[in-house]
Amino acid sequence: MKKIADIFSEKKRTFSFEFFPPKTEKGMEKLYEIAESFAALKPDWFSVTYGAGGGTRELTLNIVDDFQKRFGIPTMHHFSCVGDSRDALAAKISEIKSRDIRNIFALRGDPPVGVENWQSAADGCEYCYQLIELIRKHDDFFSIGVAGFPEGHINCPDKAKDSKYLKKKIDSGGDFVITQIFFDNKDYFEYVDRLRKAGVAARIIPGIMAITDYQKLLSFCKGCGATVPQKVHDIFSPLDGNEEATYKAGVNFTVEQCNGLLEGGAPGIQFFTLNKLDPIREIMGKIIR
Ligand SMILES: Cc1cc2nc3c(=O)[nH]c(=O)nc-3n(C[C@H](O)[C@H](O)[C@H](O)COP(=O)(O)OP(=O)(O)OC[C@H]3O[C@@H](n4cnc5c(N)ncnc54)[C@H](O)[C@@H]3O)c2cc1C
């Protein structure tokens, strides 16, 4: 299966779709149904998230493996190190490799909710760059993506420090960055400038979520620390509870945001699909390719 780093040498812009592993059988059936329609949009890759604290271990692995076999599309395995020993992580990496999964999105992950003064597992990894070092023990078998935070990570609002930590992830073997969501493109372009000045040459792919539910958006942004700009409140607050109007406004907002990014030089988009086909299909039909 193709590595994402190799796709970059063929394409200036990439478009990709992130899914999460559903908790129910019905959700799984629906995911497989929509994945077929997502595949028809000819993305460069799919990616599948890893539940907090490794809560979807087998599920993520099996979906990634299955998607690659069914659709022939490279599918990236999100993989976090929080809570595991290095031996356990190394075993998991070997298992991923044995399934011909060649793309890993390496993450520290979030400590379990409500745990204060969290500490990594004995002989575990405290930060993502240490996980990347473990993955790179397999030399260039894997292409490795890392998470980037245009507004700074929620636990590290000092943007200069956060850029330094991002660089460490790339220097340790990360190939590219996918960002956390943001709604003001200025945040993305300033982030790219900051990272370039810090010596990061890797592609920085904007992570984009279509707004289809104002309340869910507010709670998601609260959890990850992304700012909801006044412009977003002004558009979506009056539509709160009106599904159809929110959907339409969400598609328009996201198309405008994506086109602004692409026109400004962003090397593609990774869509956080939330396992919803319709808005993403419509947006894909309206953005610059
Ligand atoms: C696109 C995207 C996809 C994601 N997918 C998932 C997923 O599938 N599953 C999941 O559980 N989570 C996922 N996350 C969330 C992610 O796990 C959390 O944001 C987590 O808190 C940080 O992970 P990280 O890999 O960025 O950690 P790190 O890069 O290790 O950073 C963690 C914190 O430590 C600080 N730090 C980093 N390096 C150092 C250092 N050397 N010294 C001191 N401080 C340092 C950072 O500033 C930050 O505050 C995703 C995030 C993004 C943006």
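Author: Start with overall size. The model is predicted. A compact globule of 289 residues would have a radius of gyration near 19 Å, and the chain has 18 Å, so the two agree. Along its principal axes, the C-alpha trace spans about 50 × 45 × 40 Å. The chain holds 11 helices and 9 strands.

Now the helix packing. Two packed helices are described by the angle between their axes and the distance between those axes.

Take α10 and α11. Helix α10 covers residues 243–263, and helix α11 covers residues 277–286. Their axes lie 9 Å apart, and the packing angle is about 40 degrees. Angles under 35 degrees count as roughly parallel, and 65 to 115 as roughly perpendicular. The pair α10 and α11 is therefore oblique. As α10 passes α11, the crossing is right-handed. Which residues in α10 meet α11? They are Tyr247, Gly250, Val251, Thr254, Val255 and Cys258. On the α11 side, the partners are Pro279, Glu282, Ile283 and Lys286. This contact of α10 with α11 divides into 6 nonpolar, 2 polar and 2 charged residues. Glu282 and Lys286 are the charged ones, because Glu and Lys count as charged.

Next come α4 and α5. Helix α4 runs over residues 86–98, and helix α5 over residues 128–135. Their axes come within 10 Å and cross at roughly 50 degrees. By the angle rule, α4 and α5 are therefore oblique to each other. Their crossing is right-handed. From α4, the contact takes Arg86, Leu89, Ala90 and Ile93. From α5, it takes Leu131, Leu134 and Ile135. The contact of α4 with α5 divides into 6 nonpolar, no polar and 1 charged. Arg86 is the charged one, because Arg counts as charged.

Note on methods
Residues are numbered from 1 along each chain as its sequence is written. This is a predicted model: local features need pLDDT of at least 70, side-chain atom pairs count only at pLDDT 80 or more; totals for chains, interfaces and linings use all residues. Axes are lines fitted to C-alpha atoms, for helices over the stretch in contact, and angles run from 0 to 180 degrees between N-to-C directions. Helices (H or I, at least four residues) and strands (E, at least two) are DSSP runs, numbered from the N terminus. Angles under 35 degrees count as roughly parallel, over 145 as roughly antiparallel, 65 to 115 as roughly perpendicular and the rest as oblique. A crossing is left-handed if the near helix is turned anticlockwise from the far one by less than a right angle, and right-handed if clockwise. Two residues are in contact if their C-beta atoms, placed from the backbone, lie within 7 Å. The radius of gyration is taken over C-alpha atoms; the globule rule is 2.2 Å times the number of residues to the power 0.38.
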